[in-house]
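Please look over the model shown below.

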Amino acid sequence: MLKRSKQSSNKKSLAPLNKATLLLAGILTLGLTVGCSGESKSDTAAEPSVSESAPATTEPVTEPATETAEPEVAPEEEVVAEPEQPEAATESAESEPAAAAAPLAADAGAKLYEAKCKLCHEKGLLNAPKFANPEDWAPRIAKGKETLYKHSAEGFNAMPAQAADGVTVEQVHAAVDYMVDNAS
């Protein structure tokens, strides 16, 4: 037992020496590597950023320079094609209002509620007003439908924005109307 305690005390007293030796050896190795590299000071200063980053990082640095050159060519092409682009933009602009102006199905609000809103509003998760519960909905309805529309479309408190991932603002408004009608 005494042998063990002497050995452990020897190890403890050598531990700082070993750490210091390793640290010193590391510093000397680094100094030799940097000092013997034969590069100028400016090259040495750039070395840490290269050694810290992976080799793949060096390639994207080169690629943006290539991408920068491409946009210089692109404006010339745009100047040539510019008269055609407004027509295409007009066509797409005309198709978007037509799609937005398309009337929603009568059950669009119910469908969106079943697909997305029901998860929280059925059980009242995260303080969501429960579906068809007038007590939960009364303070929210008192703020006005515009506020409800805005909060549901853009998100409010724990509820994320619902007008996302292919869901239009009109569909969200229809779902709000559906829930409010069932709570009244």
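Helix 5, helix 6 (134–142) and helix 7 are among the elements that cover the buried residues of helix 8. Those buried residues are Val172, Ala174, Ala175, Val176, Met179, Val180 and Ala183. Buried means under 20% relative accessible area, exposed over 50%, and partly exposed in between (1.4 Å probe, protein chains only). Contact means heavy atoms within 4.5 Å. Helices are DSSP runs (H or I, at least four residues), numbered from the N terminus.

This is a predicted model: local features need pLDDT of at least 70, side-chain atom pairs count only at pLDDT 80 or more, and totals for chains, interfaces and linings use all residues. Residues are numbered from 1 along each chain as its sequence is written, and side-chain values use heavy atoms, with hydrogens and water left out.

The axes of helix 5 (residues 108–121) and helix 8 (residues 169–183) come within 8 Å and cross at roughly 75 degrees. Helix 5 is therefore roughly perpendicular to helix 8 (65 to 115 degrees). Axes are lines fitted to C-alpha atoms over the stretch in contact, and angles run from 0 to 180 degrees between N-to-C directions.

| Helix | Contact residues |
|---|---|
| Helix 5 | Ala108, Gly109, Ala110, Leu112, Tyr113, Cys117, His121 |
| Helix 8 | Gln171, Val172, Ala174, Ala175, Tyr178, Met179 |

Ser152 lies in helix 7 (residues 145–154). Ser152 counts as buried because its relative accessibility is 8%. Leaving out residues up to four places away in sequence, Ser152 touches Met159, Pro160, Ala161, Gln162, Ala163, Val172 and Val176.

Technical notes
Helix = DSSP H or I, 4+ residues; strand = E, 2+ residues; numbered from the N terminus. Parallel < 35°, antiparallel > 145°, perpendicular 65-115°, else oblique.
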